[in-house]
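Dear colleague,

Please find below the structure for your review. I would be grateful if you could read the notes that follow alongside it.

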Amino acid sequence: MHALRANYQAAIWRRSLQSQPFVANPTDCGWMTDEDGKLAVNWMRGSPAPDAVMQLLSCKCVRSCELPKCTCLSNGLKCTDMCRLQTCQNKAIEEEPVAQQSDSESDVDDIEED
């Protein structure tokens, strides 16, 4: 995102002597608009790290996960199994995968019933 913003700025400087320069939309180049309509820096698009690394993050909360003590909460992340406090309200809820029967399995069941 920083490279996009730097390239945008360089493009404006390259066109500074033109009478009517083409200027791209800054929201496509590393910025976003805030609630007031002002430009704000868009720091990143995706996850800060791969999922495997995110599962290894932990906080050292002892009694409860509260701001500003909980590093997970202060960084906008969910607590993981690696966190010291296991009875936390900030844990991510894991959904169990639902087993789906494929068409080929249902065809086999129909044949066996006949």
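The notes below cover the chain as a whole and then two of its arginines, Arg5 and Arg45.

This is a predicted model, in which local features need pLDDT of at least 70 and side-chain atom pairs count only at pLDDT 80 or more, while totals for chains, interfaces and linings use all residues. Residues are numbered from 1 along each chain as its sequence is written, and side-chain values use heavy atoms, with hydrogens and water left out.

The chain has four helices and two strands, in the order α-β-β-α-α-α from the N terminus. Helices (H or I, at least four residues) and strands (E, at least two) are DSSP runs, numbered from the N terminus. Of its 114 residues, 18% count as buried, that is, under 20% relative accessible area with a 1.4 Å probe and protein chains only, whereas exposed means over 50% and partly exposed lies in between.

Arg5 lies in helix 1 (residues 2-14). Although buried, Arg5 has no salt bridge (a side-chain nitrogen of Lys or Arg within 4 Å of a carboxyl oxygen of Asp or Glu). The nearest side chain of opposite charge, Asp28, is 13 Å away; Lys and Arg count as positive and Asp and Glu as negative, with His and the chain ends not counted. Beyond its neighbours within four places in sequence, Arg5 is in contact (heavy atoms within 4.5 Å) with Cys29, Gly30, Trp31, Val41, Asn42 and Trp43.

Arg45 sits in the loop between strand 2 (39-41) and helix 2 (51-54). Arg45 counts as exposed because its relative accessibility is 66%. Leaving aside neighbours within four places in sequence, Arg45 is in contact with Met1 and Leu4.

With kind regards
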